[in-house]
Amino acid sequence: MTIEELICYGKKYVHKTQAEMLLATLLNVNSLELLLKLDEQVDSKIVADYKKKIMLLQENKPIQYVIGNVNFYGNIFEVNENVLIPRFETEELVENTIKFINKYFPYPIDIIDLGTGSGAIGLTLKKKLNQVNVTLLDISKEALNVAKKNAENLQLKVQFIESDMWQNVTGKYDVIISNPPYIRNDEKIEDIVYDNEPHLALFGGDDGLSLYRQIRIGLLNHVKDKFLLALEIGDEQKEDVIKIFSDIENVQIICKKDLSRRDRMIFVFRNIDI
Ligand SMILES: C[S@@+](CC[C@H](N)C(=O)[O-])C[C@H]1O[C@@H](n2cnc3c(N)ncnc32)[C@H](O)[C@@H]1O
């Protein structure tokens, strides 16, 4: 079959752009190159794989799991059903944290990514910043295996800890960053997310705040005198999350909005003049 015939085939089951994106990925070309090669014949093994994957998309599997990877902050991260698909909003958490680190911290520094999943946050920080020691932590062994694979693919040397939040952590850190599960247990979310992504990565207890409380409980045993805590939050959690951290002495807490103008990030600074 030709590329054009395969796109027509895919269009019967899923949106045309999804079919094109899938085919482009399997052929290892970009979307423009794909459209310039419409008459080219495709190898029969790729045709079979494409048709199988079109069916998965039709069954409402996220394209990132079907393709097996996602672009986060310019790097390709492998993903599977054991990890959350990294979101665009989280790139904004990383972007702001990089700015704050460059502004307020002399290198080298120690960073820990709590609930690392695919490793997207911690590995991006390691890739973008010089002289940082990065530790990736998750409660899920399966998630850590994905993070390890991504570290290998990106040729980054980082540490891994399998732990229920701070339980197995012994070090002290300058920067603590986390995108913890923060959806309320009873919150209705999109079917495609609920049916496919790990609930361990999504739900944060009855009020969605239990992981922030867990972070707070062990925090002061694992930070240096001067530290930055960077958190992603749900867009209605600003006040509650600020309250959880506001009893710490000498802290300044700020909230930042994402590009859609929603309150999505909290930064807690201790012993830093901001
Ligand atoms: C929202 S996902 C974030 C994944 C990744 N950091 C990202 O931003 O794409 C939350 C992660 O926290 C992990 N997690 C959930 N409960 C945890 C706990 N008690 N201790 C450590 N990690 C936990 C989950 O396994 C999941 O990988």
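Residue numbers start from 1 along each chain as its sequence is written. Because the model is predicted, local features need pLDDT of at least 70 and side-chain atom pairs count only at pLDDT 80 or more, while totals for chains, interfaces and linings use all residues.

The domain assignment divides the chain into domain 1 (3-59) and domain 2 (84-270); such bounds come from an automatic or database domain assignment. The centres of domain 1 and domain 2, taken over C-alpha atoms, are separated by 36 Å.

Helices and strands are named here as DSSP runs numbered from the N terminus (H or I, at least four residues, for helices; E, at least two, for strands). Helix α1 (residues 3-11) and helix α2 (residues 16-27) have axes that come within 8 Å and cross at roughly 135 degrees. Axes are lines fitted to C-alpha atoms, for helices over the stretch in contact, and angles run from 0 to 180 degrees between N-to-C directions. α1 and α2 are therefore oblique to each other, on a scale where angles under 35 degrees count as roughly parallel, over 145 as roughly antiparallel, 65 to 115 as roughly perpendicular and the rest as oblique. The residues involved divide into 6 nonpolar, 1 polar and 3 charged. Ala, Val, Leu, Ile, Met, Phe, Trp, Tyr, Cys and Pro count as nonpolar, Asp, Glu, Lys and Arg as charged, and the others, Gly among them, as polar.

Helix α2 also packs with α4 (44-58). The axes of α2 and α4 come within 10 Å and cross at roughly 145 degrees, and this crossing is right-handed. The contact comprises 9 nonpolar, 1 polar and 2 charged residues. In the loop between α4 and α5 (63-67) lies Asn60, a residue other than glycine whose phi is positive, near 75 degrees.

Helix α6 (residues 88-104) packs against α7 at an angle of about 35 degrees, with their axes 10 Å apart, in a right-handed crossing. Here Thr90, Val94, Thr97 and Ile98 of α6 meet Ala120, Ile121, Thr124, Leu125 and Lys128 of α7; these residues divide into 5 nonpolar, 3 polar and 1 charged. The loop between α6 and β3 (109-114) holds Pro108, which is joined to Tyr107 by a cis peptide bond with omega of about -5 degrees.

The ligand is surrounded by 22 residues, the closest being Gly115, Gly117, Ile139, Asn179 and Ala201; a residue is near the ligand if its C-beta atom, placed from the backbone, lies within 6 Å of it. Helix α7 (120-128) and helix α10 (199-202) each supply at least two residues of this shell. Its residues divide into 13 nonpolar, 7 polar and 2 charged.

Technical notes: A crossing is left-handed if the near helix is turned anticlockwise from the far one by less than a right angle, and right-handed if clockwise. Two residues are in contact if their C-beta atoms, placed from the backbone, lie within 7 Å.
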